Amino acid sequence: MRTRTRLTKIVAATMALAAAAVFAAVPSSAASQGQGTPQHGSHKVKPTIVLVHGAFADASSWNGEVERLERLGYPVIAAANPLRGVASDGAYIKALVDSVDGPVVLVGHSYGGSVISAAALNDPKVQALVYIAAFLPDQGESAAELSAKFPGSTLGDTLQQVALPGGETDLYVKQDLFPKQFAADVPSAQARLMAVEQRPIAAVGLNGASGPGAWKNIPSWSLIPTGDKNIPPAAQEWMAKRAHAHTVVVPGASHAVLVSRPDKVTDIILSAVDATTK
């Protein structure tokens, strides 16, 4: 009996040593993540990614990016942009940024580019600005003015006006024209849903003047879809060059590139994060 007890203890000790050796051979990142390789940017402080949609869209436009960024461990907020005017929308997003602990990367689509420029002005918490098929306005410029700077936008012919109490006007893209105008490379069923669910922008939002460009003091990135029918690609290129933005061109993509090419959009966001976080 004594011999059997001693043998049992020897076997138990041997198994414990073997298990310890195997655990020591596993990288610490894999032990904590449950994976064989560390997550993207795991050696850096992860900023909160704040995503700001533009006109005729809503926060669900960012679903593909949210899924990818959260999978990599980034905190993400897809803001509900009010679409009432650059100054008030910028103040709204700035309040949201102020509520976040730690650094922030601001990402704006379309008119959302004007909004993140307003929100980020003189805010040291914002480490990078990422413009997705977006406006990069300077002092006194409006979205409508910048769109008309180069030929190619067909948005004006697709708009429907809705008069509001108090004399203001909301703008929608006509539902039957929305897929071709806004989301030509999005599956047709999804594009039709986007048309029905679109959020209108106040006319003053497209025609109102912007304040100083925050991109003058904050590192900026710009993704330009060459099939954009809302903001001419030439206008986007001109604004990106003026801002010295790191630029990625996505051939053939529509204005809804954040929906049709979430991988490309996520990649440029991660490029901004890698270049600006420590």
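A charge sits over a ring if NZ of Lys or CZ of Arg is within 6 Å of the ring centre and within 35 degrees of the ring normal, and by that criterion Lys 149 lies over the face of Trp 238, at 4.5 Å from the ring centre. The model is predicted, with local features needing pLDDT of at least 70 and side-chain atom pairs counted only at pLDDT 80 or more, while totals for chains, interfaces and linings use all residues. Residues are numbered from 1 along each chain as its sequence is written, and side-chain values use heavy atoms, with hydrogens and water left out.

**Charge over a ring**
- Lys 46 lies over the face of Tyr 74, at 5.4 Å from the ring centre.

**The aromatic pair**
- Rings of Phe, Tyr and Trp (its six-membered ring) pair if their centres lie within 6.5 Å, planes under 30 degrees apart being stacked, over 60 edge-to-face and the rest tilted; the count by this rule is one aromatic pair.
- Phe 178 and Phe 182 form this stacked pair, with 4.7 Å centre to centre and 25 degrees between the planes.
- Phe 178 and Phe 182 are four residues apart in helix α7 (residues 178-182), and are therefore separated by about one helical turn.
- Phe 178 is buried (under 20% relative accessible area, with a 1.4 Å probe and protein chains only) at 0% relative accessibility, and Phe 182 is buried at 1%.

**Leu 106**
- Leu 106 is found in strand β3 (residues 104-109), where strands are DSSP runs of E with at least two residues and helices are runs of H or I with at least four, numbered from the N terminus.
- Leu 106 is buried, with a relative accessible area of 0%, and its contacts (heavy atoms within 4.5 Å) beyond four places in sequence include Val 50, Ile 93, Ile 116 and Leu 129.

How values were computed: Buried means under 20% relative accessible area, exposed over 50%, partly exposed in between (1.4 Å probe, protein chains only).
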